[in-house]
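Q: Here is a model I would like to go through label by label. Please set each value against its cut-off and conclude.
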Amino acid sequence: NLCDTPPAPLADQDFAPILDWIAAEVRPWVGRGKVADYIPRLAEVPADRFGMAVATLDGRLLQVGDAEEAFSIQSISKVFTLTMALEALGNELWNRVGREPSGSPYNSLVQLEREHGIPRNPLINAGAHVVADVILSSDDDARGRLLSFVRARSDDMAVEMDPEVARSERVAGYRNTALANFIRSFGNLDNPVEAVLDFYYHQCAIRMNCVDLARSFLYLANRGRCQHSGEVVISPERAKRINAIMLTCGTYDAAGEFAFRVGLPAKSGVGGGIVAVVPNVLAVAVWSPGLDDKGNSLAGAQALDLFTTRTGLSVF
Ligand code: DON
């Protein structure tokens with residue numbers, strides 16, 4: 001078992017055979033779990049896919065399996081919008097959204113009433129609606145701005161939003177409609193509910209592959225600086241805080257279990273993607289559409305567990 005041998009020092013770690021080994025080890029999990037079907041368009045994605053990519057701050061890019069096949073990033077987009085909203089509104093954002101794990105499913109309504117329309121954190125759906133509202137208020141072309149942000153971070157100008165996925169989610173979006181109306185009733189949305197949801201569905205409908213995603217999260221591994229453009233995306237302090245929120249809230253009511261197994265700041269999406277950050281070292285993205293009962297990729301979580309155990313690259 002590769003996990004039983006001590007990891008090499010970082011500079012000598014050869015990630016290529018490790019990724020091949022992981023792809024072979026997770027085979028039994030690929031195709032298991034449930035492909036998200038509450039967004040009709042996502043139900044059509046074949047379940048038997050697995051891809052993984054690692055992008056390191058010392059310039060290495062490694063991949064295995066279906067790492068270049070694009071998928072719907074869904075909630076992973078909440079990290080990009082949180083970054084943009086923090087830059088737009090600064091720390092005032094924390095008056096409108098909290099930063100505690102919810103311990104509840106990502107689309108839950110229950111805490112919102114007791115907590116007066118202030119969502120627990122920006123990575124659950126309710127929190128992402130407030131974040132979307134902040135971005136809409138800060139830019140006339142919020143969608144265009146988000147796309148440019150994601151294209152610059154991934155160094156891939158071909159990244160797009162899939163209008164069919166956005167439309168398909170809107171048609172079936174009873175939960176999100178309820179959440180956004182409820183938040184608005186507390187006065188915590190400035191823009192019309194329809195506009196907030198339209199932006200939110202489009203951010204979730206961004207299509208990227210594992211290579212794009214690993215590259216695009218490098219600014220969070222790199223104290224806020226984009227590795228390829230050299231641009232300061234966010235301050236080191238904010239990069240630290242976003243990583244902390246990913247660790248405690250990025251996988252919803254499975255965040256404790258995820259920290260236990262993987263031990264990295266990470267964000268998942270119901271499209272089956274998960275991106276994780278090793279601060280000061282690398283970003284790693286996995287994709288496999290079969291989900292566990294909390295909405296996280298089954299094979300993806302298993303792959304990240306093996307990755308951190310084998311390489312010793314975890315925050316713990
Ligand atoms: O709003 C929704 O339900 C989806 N657009 C996103 C949810 C999601 O990705 C949760 N992830 N695990």
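Q: Why is Val270 called buried?
A: This is a predicted model. In it, Val270 has 25 C-beta neighbours inside 10 Å. The cut-off for buried is 20 or more. So Val270 counts as buried.

Q: Where is Val270 found, and what does Val270 touch?
A: Val270 is in the loop between β6 (266-268) and β7 (273-278). Leaving out residues up to four places away in sequence, Val270 touches Ala36, Leu42, Gln74, Ser75, Leu291 and Gly295. A contact here needs C-beta atoms within 7 Å.

Q: Which residues come nearest to the ligand?
A: There are 13 residues around the ligand. Gln74, Ser75, Cys204, Val270 and Gly295 come nearest.

Q: What makes up the shell around the ligand, by class?
A: The shell has three nonpolar, nine polar and one charged residues. Gly is counted as polar in this scheme.

Q: Which residues carry the feature "binding site" in UniProt?
A: The unreviewed UniProt entry places "binding site" at Ser75, Asn125, Glu169, Asn176, Tyr200, Tyr252 and Val270. Such annotations may be inferred rather than shown by experiment.

Q: What makes Tyr200 buried or exposed?
A: Tyr200 has 28 C-beta neighbours inside 10 Å. Buried takes 20 or more. Tyr200 therefore counts as buried. The place of Tyr200 is in helix α8 (residues 193-204). Not counting residues up to four places away in sequence, Tyr200 touches Ala128, His129, Ala132 and Asn176.

Q: What makes a set of residues a nonpolar core, and how many are in the largest one?
A: Members must be buried, of the listed residue types, and joined through C-beta atoms within 7 Å. The largest such core has 106 residues. Ala214 and Ala283 have the most contacts inside this core. Helix α4 (residues 125-138) gives the most to the core, with eight residues.

Q: Which residues does Ala214 touch?
A: Beyond four places away in sequence, Ala214 touches Ala53, Val54, Ala55, Val275, Ala283, Val284 and Ala285.

Q: How do you know that β3 and β5 pair?
A: Pairing needs at least two bridges. β3 and strand β5 (residues 206-208) have two bridges, in the antiparallel sense. Ser72 stands opposite Arg207 in β5.

Q: Why are β3 and β4 said to stand at the edges?
A: The open sheet has three strands in the order β3-β5-β4, with antiparallel pairing. β3 (71-72) and β4 (160-161) each have a single partner strand, so one side of each is left without a neighbour in the sheet.

Notes
Residues are numbered from 1 along each chain as its sequence is written. This is a predicted model: local features need pLDDT of at least 70, side-chain atom pairs count only at pLDDT 80 or more; totals for chains, interfaces and linings use all residues. A residue is buried if 20 or more other C-beta atoms lie within 10 Å of its own, exposed if 12 or fewer, and partly exposed in between; C-beta atoms are placed from the backbone. Helices (H or I, at least four residues) and strands (E, at least two) are DSSP runs, numbered from the N terminus. Two residues are in contact if their C-beta atoms, placed from the backbone, lie within 7 Å. A residue is near a molecule or strand if its C-beta atom, placed from the backbone, lies within 6 Å of it.
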